[in-house]
Amino acid sequence: YVGQVTGRKNLFVWPGECHVHAGITAADVNNILQKYSSAEFMVHPECGCTSSTLYNLASGDISKKAHILSTEGMMQHAKKSDSSQFVVATETGIMYRMKKENPDKMFIPVKENAVCKYMKKITIEKVV
């Protein structure tokens with residue numbers, strides 16, 4: 001998806017999927033968007049698992065316009081947007097930073113339990 005949208009030919013994708021993004025269904029997205037109808041919808045295109053959400057957007061199973069953004073793109077969009085509510089389709093770890101940098105805005109995860117146990121194993125100490 002990212003290669004197609006950007007026209008880049010130098011993206012090499014691991015042929016797997018992220019269990020968190022694969023677990024986000026069109027029904028999950030539509031249910032939360034119905035509850036927060038005025039919220040903007042942001043989707044994070046994870047590495048090799050661009051998520052079924054992108055497919056459902058393209059097929060019309062999700063009808064609301066989405067902003068497909070990197071982590072930093074989501075952060076910048078939230079800061080600049082006049083919206084006060086955002087529904088976010090990605091791993092919930094980003095919510096802390098979003099709320100911290102935008103305390104006057106509301107960030108709603110598509111799924112509260114969209115937590116990646118593998119990402120939680122990565123620490124600053126282990127990186128160093």
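This is a predicted model: local features need pLDDT of at least 70, side-chain atom pairs count only at pLDDT 80 or more; totals for chains, interfaces and linings use all residues.
Local features here need pLDDT of at least 70 and side-chain atom pairs count only at pLDDT 80 or more, while totals for chains, interfaces and linings use all residues. Residues are numbered from 1 along each chain as its sequence is written, and side-chain values use heavy atoms, with hydrogens and water left out.

A search of the whole structure gives five salt bridges, each being a side-chain nitrogen of Lys or Arg within 4 Å of a carboxyl oxygen of Asp or Glu.

Select Asp 28 and Lys 111, whose side chains form a salt bridge at 3.7 Å, N to O. Asp 28 belongs to helix α3 (residues 26–35) and Lys 111 to the loop between β4 (106–109) and α7 (124–127), so the pair ties together parts that are 83 residues apart in sequence. Helices (H or I, at least four residues) and strands (E, at least two) are DSSP runs, numbered from the N terminus. Asp 28 is partly exposed at 21% relative accessible area, and Lys 111 is partly exposed at 23%; buried means under 20%, exposed over 50%, and partly exposed in between, with a 1.4 Å probe and protein chains only.

Next, select Glu 72 and Arg 97, a salt bridge whose closest N and O atoms are 3.0 Å apart. This pair links distant parts of the chain, with Glu 72 in helix α5 (residues 71–80) and Arg 97 in helix α6 (residues 94–101), 25 residues apart.

Salt bridges with shared partners join Glu 72, Lys 79, Arg 97 and Glu 101 into one network.
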